[in-house]
Amino acid sequence: MRALPHGATVVIVRPGPPTQDAYGNDVPGPQVEIEVPGCGVSPRDSNAAGTNEIRGGRDTVIVGLQLFAPAGTDLRVTDRVRVAGVLYEIDGQPGAFTSPFTGSAGPVVAALELVTG
């Protein structure tokens, strides 16, 4: 997947290369921020229904976002992602696929969860 022409620009926030503190312990270095233009972003609900239907007597609850980044985007489970100024954690392992029909690379897909606290 190429960058979406009307997609959103998100920012990957990644821990920097480790450095050592005064006692010789490894500590994360300064954060690195990487802009990724052309991403698709959609709401993600708690029951994966994809619609606002009532299940078990409860309305669907939005629990985060689904990110579709251009093919080849280096997205790691330890990264955070800033979307429209809001910081999200990656929920699970980001994934990517190749179409079995065309051989073209699909998007890098990740579930995002709002950072609280």
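Which residues does Val83 touch, not counting residues up to four places away in sequence? In this predicted model, local features require pLDDT of at least 70 and side-chain atom pairs count only at pLDDT 80 or more, whereas totals for chains, interfaces and linings use all residues. Residues are numbered from 1 along each chain as its sequence is written, and side-chain values use heavy atoms, with hydrogens and water left out.

With that sequence exclusion, Val83 touches Val10, Val41, Leu65, Tyr88 and Leu112, contact being defined as heavy atoms within 4.5 Å. Val83 is also among the residues with the most contacts inside the largest nonpolar core, together with Val10, Leu67, Leu75, Val81 and Leu112. This core has 15 residues; a nonpolar core is a set of buried Ala, Val, Leu, Ile, Met, Phe, Trp, Tyr and Cys residues joined through side-chain atoms within 4.5 Å. Buried denotes under 20% relative accessible area, exposed over 50%, and partly exposed the range in between (1.4 Å probe, protein chains only). Two or more core residues come from each of β1 (8-20), β2 (26-45), β3 (62-69), β4 (80-83), β5 (86-90) and β7 (105-114), strands being DSSP runs (E, at least two residues) numbered from the N terminus.

Arg76 lies in the loop between β3 and β4 and counts as partly exposed because its relative accessibility is 39%. Beyond its neighbours within four places in sequence, Arg76 contacts Arg14, Ile90 and Pro94. The C-alpha atoms of Arg76 and Ala110 are 9.4 Å apart, although the two are separated by 34 residues in sequence.

Key
Helix = DSSP H or I, 4+ residues; strand = E, 2+ residues; numbered from the N terminus.
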